[in-house]
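Dear colleague,

Please find below the structure that I am handing over to you.

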Amino acid sequence: MSFFDEFPKFYNEASCASAPNPDLWFPEEEEVMRVRVNTPEAEQARAICMACPARQECLDYSLQFSNLYGIWAGLDRLERRAEQIIRNLTPSPMRYAHREE
């Protein structure tokens, strides 16, 4: 599955789709930290996710993959990994398709 070829169908109904600052869901600290991302921006994204009508679909989607970056369904990468372990899931890497500009 490729992110650009198979964009999540729930996204159109997700709260993040109409958020004024999409960067909230992609904190820079996540790339280098090995702990829960708890910046003010990440916490704001989590709060929006908790009230999102597409949260369950987003969570189900995000738990399929081992390498999604950012906050998905209110969880950062390490939190999603913990959830994958609890659920005994074996995620696969997300393939990012090359986009022609």
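In what order do the elements of the protein run from the N terminus on? They run α-α-α. Please note that this is a predicted model. The protein has 3 helices and 0 strands.

Some totals for the protein come next. Of its 101 residues, 37% are buried. The accessible surface comes to about 6600 Å², and carbon and sulfur atoms account for 53% of that surface. Among the contacts with a separation of 6 or more, 64% are between residues 24 or more positions apart.

I would then draw your attention to helix α2, which covers residues 55-62. Its buried residues are Cys58, Leu59, Tyr61 and Ser62. Viewed down the axis of α2, these buried residues fall within an arc of 165°, so they line one face of the helix. The buried residues of α2 pack against α3, which covers residues 77-86.

Helix α3 also holds Gln84. Is Gln84 buried or exposed? Gln84 counts as buried because its relative accessibility is 2%, and buried means under 20%. Leaving aside residues up to four places away in sequence, Gln84 touches Ser62, Leu63, Phe65, Leu89 and Pro91. One of these, Ser62, is also among the buried residues of α2.

Yours sincerely,
A colleague

How values were computed: Residues are numbered from 1 along each chain as its sequence is written. This is a predicted model: local features need pLDDT of at least 70, side-chain atom pairs count only at pLDDT 80 or more; totals for chains, interfaces and linings use all residues. Side-chain values use heavy atoms; hydrogens and water are left out. Buried means under 20% relative accessible area, exposed over 50%, partly exposed in between (1.4 Å probe, protein chains only). Helices (H or I, at least four residues) and strands (E, at least two) are DSSP runs, numbered from the N terminus. The arc is that of the directions from the helix axis to the C-beta atoms. Contact means heavy atoms within 4.5 Å. Accessible areas come from the Shrake-Rupley method with a 1.4 Å probe; for residues, only the protein chains shown count as cover.
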